[in-house]
Amino acid sequence: MNYTVVLPAAGSGKRMKADKNKLLLELSGKPIFLYTLEVFQRDPNCDAIWLAVKEQERELIEGYVSRHNITKVQGYAAGGTERQDSVRACLEAIPPCGVVLVHDAARPFIDKEVIERLVETAQASGAAIAGVPVKDTIKKAENGVISETVDRNQLWMIQTPQAFRYSLILKAAQAAHNDGFMGTDEAMLVERLNYPVAIVESTYENIKMTTPDDLIYGRAILESRLQEEQK
Ligand code: CTP
Ligand code: MG
């Protein structure tokens with residue numbers, strides 16, 4: 001099943017505490033966002049890649065895209081103040097298609113089987129998001145004292161990709177914008193329209209490069225993948 005992917009890449013990476021957009025930081029000699037682009041360039045089911053970028057970084061990013069032969073990039077949208085604005089700008093720019101995948105450019109380790117299951121589920125039911133079961137015990141606290149231990153059997157840590165039928169996510173993104181609603185992921189925008197969202201189990205390796213310690217883990221993941229390939 002074919003799809004178009006939208007990659008928000010217009011953040012500033014404040015929590016990474018680098019002096020530039022964290023996506024430009026290198027892991028084994030290549031910027032983080034390029035690993036993410038390569039996953040979709042390699043996936044035969046991916047028809048088109050759209051990126052939300054900051055205007056002042058566009059030329060730099062375009063340079064990497066052309067030098068590394070990422071031929072599926074079909075266009076760029078101007079990043080907004082919040083991630084949700086960046087995603088909406090892309091959704092409004094892409095030509096209508098069947099299934100759209102929204103994926104953080106900051107998650108370079110996404111598994112291609114997970115992508116496939118997300119796209120198939122979204123095609124069948126409209127909306128499917130990646131997540132992994134919560135591993136830790138989760139408690140709520142009020143004023144420093146535990147008020148509740150939450151049953152973790154029903155809890156998931158949500159990631160991207162999040163896959164949707166094009167018409168559904170465009171409608172949900174525009175409705176959120178018109179209503180002044182800000183969500184922390186795309187699924188929330190669809191959930192508020194009372195539309196069911198399916199969950200697809202992903203991998204714990206699909207981390208978002210967010211804080212400096214993620215770079216250490218990211219390098220270790222790359223290293224172990226390289227060793228696997230050489231076996
Ligand atoms: N993003 C975006 N536009 C924004 C904010 C974020 O396109 N206005 C993108 C980021 O580039 C990243 C993804 O959304 O690929 C996930 O966001 P996050 O991890 O929060 O990245 P940043 O916002 O860059 O980091 P921070 O919140 O630490 O500043
Ligand atoms: Mg952010």
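A polar contact is a pair of N or O atoms within 3.5 Å; within protein, one of the two must be able to donate a hydrogen and the other to accept it. The model described here is predicted.

## The sheet

Seven strands form an open sheet with mixed pairing. Their order across the sheet is β5-β4-β1-β6-β10-β7-β11. The edges are taken by β5 (73-78) and β11 (198-201); each has a single partner strand, so one side of each is left without a neighbour in the sheet. From one strand to the next, the twist averages 25 degrees.

Within this order, strand β6 (residues 99-102) pairs with strand β10 (residues 156-165). The pairing is antiparallel and runs over four bridges. Val99 stands opposite Arg165 of β10.

## A helix on the sheet

Helix α5 (residues 166-179) packs on the sheet and touches β6, β7 (127-133) and β10. The direction of helix α5 makes about 115 degrees with that of β10.

## Arg88

Arg88 lies in helix α3 (residues 83-93). Is Arg88 buried or exposed? Its relative accessibility is 14%, and buried means under 20%, so Arg88 counts as buried.

Apart from its neighbours within four places in sequence, Arg88 is in contact with Ala173, Gln174 and His177. With His177 there is also a polar contact, made between the two side chains at 3.2 Å.

How values were computed: Residues numbered from 1 in each chain as written. Chains lettered and ligands numbered in written order. Predicted model: local features only at pLDDT ≥ 70, side-chain atom pairs only at ≥ 80, totals over all residues. Heavy atoms only, no water. Pairing = 2+ DSSP bridges. Helix = DSSP H or I, 4+ residues; strand = E, 2+ residues; numbered from the N terminus. Axes fitted to C-alpha atoms, helices over the stretch in contact; angles between N-to-C directions. Contact = heavy atoms within 4.5 Å. Buried < 20%, exposed > 50% of the residue type's maximum accessible area, 1.4 Å probe, protein only.
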